[in-house]
Amino acid sequence: MVHPDYQYTPALVAAIAGMVASGVYDMAMGSRILGAGALKGGMPLYKYIANRALTAFQNLFLGVKLSEYHTGFRAFSRQLLETLPLLENSDDFVFDNQMIAQAVMFGFQIGEISCPTKYFKEASSINFRRSVKYGLGVLATTATFVAQRLGLVHSPIFKKTGRTVAVQHDAQYYSERAPRP
């Protein structure tokens, strides 16, 4: 998956896909932070600071060590996509972050690769208001993750019995091909 905002180079698609195709990782992410390229690539300072703060928060509470949770450059294994209850997730930007929390909850392996990025006027980008909404969604996702781990809540986004894209696709596929009376 490469967000269509022209910030990520497609030259690394084979490398990131190879991390998953090799079977070493179930999910791979292109990090703008590894290699110190985010600010050099023009990432606005407020976004960089928010990215680093949210990443530190999530590393602490999800119990993993990633350089960045907020990248739009990712690769996924088929097993991960068929397992995660994706239809329980938000339809907004926080969807991507919910996928990471779900992958951690279900024990999938996540790897990272350094990915240069570039920000420029013509690139579509999330505005400040939507960034704040996203940040609050990340905090809520993390709090729900912790509460689920502690047994305080039973959120559909962290239940293996949640609705998956594969289940919905299969049901639609077979219902469309069922014999008609």
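A salt bridge is a side-chain nitrogen of Lys or Arg within 4 Å of a carboxyl oxygen of Asp or Glu. The structure above is a predicted model, in which local features need pLDDT of at least 70 and side-chain atom pairs count only at pLDDT 80 or more, while totals for chains, interfaces and linings use all residues. Residues are numbered from 1 along each chain as its sequence is written, and side-chain values use heavy atoms, with hydrogens and water left out.

**Exercise 1. Find the partner of Arg 32 in a salt bridge, and state which parts of the chain the pair ties together.**

Step 1. The side chain of Arg 32 meets that of Glu 68 in a salt bridge, at 2.3 Å from N to O.

Step 2. Arg 32 lies in the loop between S1 and H2, whereas Glu 68 lies in the loop between H2 and S2, so the pair ties together parts that are 36 residues apart in sequence. Helices (H or I, at least four residues) and strands (E, at least two) are DSSP runs, numbered from the N terminus.

Step 3. Both Arg 32 and Glu 68 are buried, where buried means under 20% relative accessible area, exposed over 50%, and partly exposed in between (1.4 Å probe, protein chains only).

**Exercise 2. Describe the network of salt bridges that links Asp 92, Arg 130 and Lys 133.**

Step 1. Arg 130 forms a salt bridge with Asp 92, and the closest N and O atoms are 2.3 Å apart. Arg 130 belongs to helix H5 and Asp 92 to the loop between helix H3 (78-83) and H4, so parts that are 38 residues apart in sequence are tied together.

Step 2. The side chains of Asp 92 and Lys 133 also meet in a salt bridge, at 3.0 Å from N to O. Lys 133 lies in helix H5, so this pair ties together parts that are 41 residues apart in sequence.

Step 3. Arg 130 counts as partly exposed at 31% relative accessibility, and Asp 92 is partly exposed with a relative accessible area of 23%.

**Exercise 3. Work out on which side of H2 its buried residues lie, and what covers them.**

Step 1. Helix H2 (residues 45-62) has 18 residues and reaches 25 Å from its first C-alpha to its last, close to the 26 Å expected; the expected span is 1.5 Å times one less than the number of residues.

Step 2. The buried residues of H2 are Lys 47, Asn 51, Leu 54, Thr 55, Gln 58, Asn 59 and Leu 62. They cover an arc of only 140° around the axis, which puts them on the same side of H2; the arc is that of the directions from the helix axis to the C-beta atoms.

Step 3. The face turned away from this buried side carries the exposed residues Leu 45, Ile 49 and Leu 60.

Step 4. What covers the buried residues includes H4 and helix H5 (128-149). In helix H4 (residues 95-105) lies Asn 97, which is buried with a relative accessible area of 0%. Among the residues that Asn 97 touches are Gln 58 and Tyr 134, contact meaning heavy atoms within 4.5 Å.

**Exercise 4. Give the order of the strands in the sheet, and name the edge strands.**

Step 1. Three strands form an open sheet with mixed pairing, in the order S2-S1-S3; two strands pair if DSSP finds at least two bridges between them.

Step 2. Strand S2 (74-76) and strand S3 (110-114) each have a single partner strand, so they stand at the edges, with one side of each left without a neighbour in the sheet.

Step 3. Strand S1 (residues 27-31) pairs with S3 in the parallel sense over five bridges, and Met 27 stands opposite Ile 110 in S3.

Conventions:
Lists of a residue's contacts leave out its neighbours within four places in sequence.
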